Amino acid sequence: MSEDPFRLPGLGDDEGGPERLQKVLARAGVASRRVIEDMIVAKRVSVNGQIATLGDKADPLVDTIEVDGSVISLMPDAITYLLNKPAGTITTSDDPQGRPTVIELVPAEPRVFPVGRLDFDTEGLLLLTNDGGMAHRLTHPSFGVEKEYLAHVEGAPKPGALRILRQGVELDDGVTAPAQAALIGDNMIRLTIHEGKNRQVRRMCAAVGHPVLRLVRTRIGPLADRQLAPGQWRSLTNDEVIGLQKSINPNTAPER
Ligand code: URA
């Protein structure tokens, strides 16, 4: 069992650290190991933006591998849904209290799991996938994927409150990282964060004197969809998957 609480299932037996690049790419269906070796020698393969050399290793769970400039999906059968989560649903596969779950809103097969968590009362965009590697990269704070929220709050925030939201708010579990915060209506804040502390937006807004009345996630990295009604879902397009992978900042990946 992994020690990392952000590590998610989905990579099967191959979960487990760096492997030879040609092995990882052959498993992803790019070509045979022999041909991939030639591609590496021809400088057609890069890992996290660096041209690879023969003998290099990569971790399918962490690294972004490109061939001829295109990001390679390390799990060819991966499926990822974008769901507009309605309020009053729980972000889990199974709720012992019998409350409606987000899993009940998407197809039962192939089995997917939510990427990160939205609170029971929070609405908006949520990804569900069977691709453990992508889920890991999207949820681990060290990869810095942006999430944008619209928060309808009590009271009318003044510039000072917005400044604190931007600079960092002192919470029980530490100070929040710099964020973007803009007032887009008398009681409406647009907040963009790239961490995933529990109930972070609600706690940040409450800490500056403006408890949240309604919270909607409107963007995950480059993904937004204003046409998706609450409770509706759709599969990501190939271009969206590539855009999402590109939004994962490999330079902030954990050291190994
Ligand atoms: N921040 C929160 O407070 N709640 C969520 O559901 C997501 C982010």
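Lysine 85 touches Thr91, Val102, Leu118, Asp119, Phe120, Thr122, Glu123 and Gly124, leaving aside residues up to four places away in sequence; contact here means heavy atoms within 4.5 Å. The model is predicted, so local features need pLDDT of at least 70 and side-chain atom pairs count only at pLDDT 80 or more, while totals for chains, interfaces and linings use all residues. Residues are numbered from 1 along each chain as its sequence is written, and side-chain values use heavy atoms, without hydrogens and water.

Lysine 85 belongs to strand S7 (residues 80–85), a strand being a DSSP run of E with at least two residues, numbered from the N terminus. Its side chain reaches two backbone oxygens: that of threonine 89 at 2.9 Å and that of threonine 122 at 2.8 Å.

| Residue (backbone atom) | Ligand atom | Distance |
|---|---|---|
| Glutamine 200 | oxygen | 3.4 Å |
| Valine 201 | nitrogen | 3.1 Å |
| Arginine 202 | oxygen | 2.9 Å |

The protein covers 96% of the 240 Å² of accessible area that the ligand has on its own, as computed by the Shrake-Rupley method with a 1.4 Å probe.

Technical notes: Helices (H or I, at least four residues) and strands (E, at least two) are DSSP runs, numbered from the N terminus. A polar contact is a pair of N or O atoms within 3.5 Å; within protein, one must be able to donate a hydrogen and the other to accept it, and residues adjacent in sequence count only if both atoms are side-chain atoms.
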